Amino acid sequence: MAGQLIDMECQVLRALNEVSLPLSIPVLSYLKESSGEFPYTIMGYSLMPGETAERVTWTNNQRAQNASAIGRFLAVLHRIPVKMQNPPTDFIRRADLEYRLGVVLKKLDDEGPSGFVELFRDLATTAPHLGPNVWVHGDLYARHLLADE
């Protein structure tokens with residue numbers, strides 16, 4: 001399964017590097033396709049400047065500016081149609097918000113930061129996306145974001 005995910009990541013990055021995105025994403029700089037000699041794809045990326053976001057101390061104003069930039073990036077990303085054979089499915093139910101609500105509430109023992117549980121409950125009742133498949137970052141958190149300024 002890991003080999004299939006690497007192959008899929010290569011396809012996704014190739015496709016995304018053809019689109020104008022408001023933030024930088026990794027650029028595939030090395031690729032060796034699987035072969036009879038070695039059954040797995042090997043890939044590498046160019047080094048991106050910056051440090052992971054959890055290591056940066058931001059003011060509330062900087063945090064708001066960054067949230068806005070990330071929101072614009074995700075808005076563009078979520079409009080890009082999936083143009084690949086057999087796109088990945090949500091086999092671990094990340095987009096099933098009703099299911100996720102139960103997981104989150106169990107971890108928080110029904111309590112969390114002020115307003116968070118209420119917001120998540122509201123999100124869980126959102127109608128599912130019925131349009132064409134689009135790209136969604138499945139595990140976005142501070143260690144997946146680089147701050148370079």
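User: How confident is the predictor in the protein chain, taken as a mean pLDDT?
Analyst: Happy to start there: this is a predicted model, where local features need pLDDT of at least 70, side-chain atom pairs count only at pLDDT 80 or more, and totals for chains, interfaces and linings use all residues. Residues are numbered from 1 along each chain as its sequence is written, and side-chain values use heavy atoms, with hydrogens and water left out. pLDDT is the predictor's confidence in each residue, from 0 to 100. In the protein chain, 91% of residues reach 70 or more, and the mean pLDDT is 83.

User: Which element of the protein chain has the highest confidence?
Analyst: Helices (H or I, at least four residues) and strands (E, at least two) are DSSP runs, numbered from the N terminus. Confidence is lowest in helix H1 (residues 2-16), with a mean of 78. The highest value, 94, belongs to strand E3 (residues 51-52).

User: Is Thr41 buried or exposed?
Analyst: Thr41 sits in the loop between strand E1 (28-32) and strand E2 (42-45). Counting contacts as heavy atoms within 4.5 Å, and leaving out residues up to four places away in sequence, Thr41 touches Ile6, Asp7, Cys10, Leu31, Lys32, Glu33 and Ser34. Buried means under 20% relative accessible area, exposed over 50%, and partly exposed in between (1.4 Å probe, protein chains only). Thr41 has 10% relative accessibility, so Thr41 counts as buried.

User: Which residue forms a salt bridge with Glu33?
Analyst: A salt bridge is a side-chain nitrogen of Lys or Arg within 4 Å of a carboxyl oxygen of Asp or Glu. For Glu33, the closest N and O atoms of the pair are 3.0 Å apart, and the partner is Arg14. The pair links distant parts of the chain, 19 residues apart: Glu33 lies in the loop between E1 and E2, and in helix H1 we find Arg14.

User: Which residue forms a salt bridge with Arg143?
Analyst: At 55% relative accessibility, Arg143 counts as exposed. The closest N and O atoms are 3.5 Å apart, and the partner of Arg143 is Glu54.

User: How many salt bridges are there by this rule?
Analyst: Besides the pairs with Glu33 and Arg143, the side chains of Arg93 and Asp96 meet at 2.9 Å, N to O. Arg93 is partly exposed, with a relative accessible area of 40%, and Asp96 is partly exposed too, at 27%. By this rule, the count is three.
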